[in-house]
Amino acid sequence: AVDALVARVEGATVAETQRAEKSVRMALNNIKSKGVMLKLDQQFERFLANAELQQLRFNGVSEAQAEMVWAVAVLFGLDTTLPVPPDTSIVIVKTSRSALPATRFGESRA
């Protein structure tokens, strides 16, 4: 199921895709992280549906949280700016390849 998610990524480099796949696999094997990933999935779906929003900011994120946000963003074809200490915010930006994945976290879309 995760392979289908990662295969959806267009325009991402092989290294980005592999890193996103690793992050997603690790997160989905942890109950707490899986819950965060599912919430991000829903939040990015709403973000893509809102034509007025072009970027989404997450403030005060830890390195682990930034990695999860980045991994889900890659699956949606979104660009990210990762935090550089001392900044702890990550910005997600829509791109021309941004779209809902056909499969998300093991569940097919109807």
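Student: Is Lys22 buried or exposed?

Tutor: Please note at the outset that this model is predicted. Residues over 50% relative accessible area are called exposed. Lys22 has a relative accessibility of 57%, so Lys22 counts as exposed. Lys22 belongs to helix 2. In space, the C-alpha atoms of Lys22 and Ala71 are 8.8 Å apart, although 49 residues separate the two in sequence.

Student: Which residues have the most contacts inside the largest nonpolar core?

Tutor: In soluble globular proteins, nonpolar side chains tend to be buried together. Here the largest nonpolar core contains 25 residues, and Phe44, Phe58, Leu78 and Ile92 have the most contacts inside it. At least two residues of this core come from each of helix 2 (14-28), helix 3 (31-49), strand 1 (55-58), helix 4 (63-75) and strand 3 (90-93). Helix 4 gives the largest share, nine residues.

Student: How is the sheet arranged, and what is the order of its strands?

Tutor: Strands of a sheet pair through backbone hydrogen bonds, either parallel or antiparallel. In this model, three strands form an open sheet in the order 1-3-2, and their pairing is antiparallel. Strand 1 and strand 2 (79-81) are the edge strands, each pairing on one side only. From one strand to the next, the twist averages 20°. Three bridges join strand 2 and strand 3; Thr80, for example, has Ile92 of strand 3 as its bridge partner.

Student: Which strands does helix 3 touch?

Tutor: Helix 3 packs on the sheet and touches strand 1 and strand 3, its direction making about 150° with that of strand 1. Helix 4 lies across strand 1, strand 2 and strand 3, and runs at about 5° to strand 3.

Student: How many aromatic pairs are there?

Tutor: The count is two aromatic pairs. Planes over 60 degrees apart count as edge-to-face. The ring planes of Phe44 and Phe58 stand at 80°, with centres 6.1 Å apart, so this pair is edge-to-face. Phe44 lies in helix 3 and Phe58 in strand 1, 14 residues apart. Phe44 also forms an edge-to-face pair with Phe76, at 5.8 Å centre to centre and 80° between the planes. Phe76 sits in the loop between helix 4 and strand 2. Together, the ring pairs link Phe44, Phe58 and Phe76 into a cluster.

Student: Are these three residues buried or exposed?

Tutor: Phe44 is buried, at 0% relative accessible area. Phe58 is buried at 13%, and Phe76 counts as buried at 1%.

Notes. Residues numbered from 1 in each chain as written. Predicted model: local features only at pLDDT ≥ 70, side-chain atom pairs only at ≥ 80, totals over all residues. Heavy atoms only, no water. Core = buried A, V, L, I, M, F, W, Y, C linked by side-chain atoms within 4.5 Å. Buried < 20%, exposed > 50% of the residue type's maximum accessible area, 1.4 Å probe, protein only. Helix = DSSP H or I, 4+ residues; strand = E, 2+ residues; numbered from the N terminus. Pairing = 2+ DSSP bridges. Axes fitted to C-alpha atoms, helices over the stretch in contact; angles between N-to-C directions. Contact = heavy atoms within 4.5 Å. Phe/Tyr/Trp six-rings, centres within 6.5 Å; stacked < 30°, edge-to-face > 60°.
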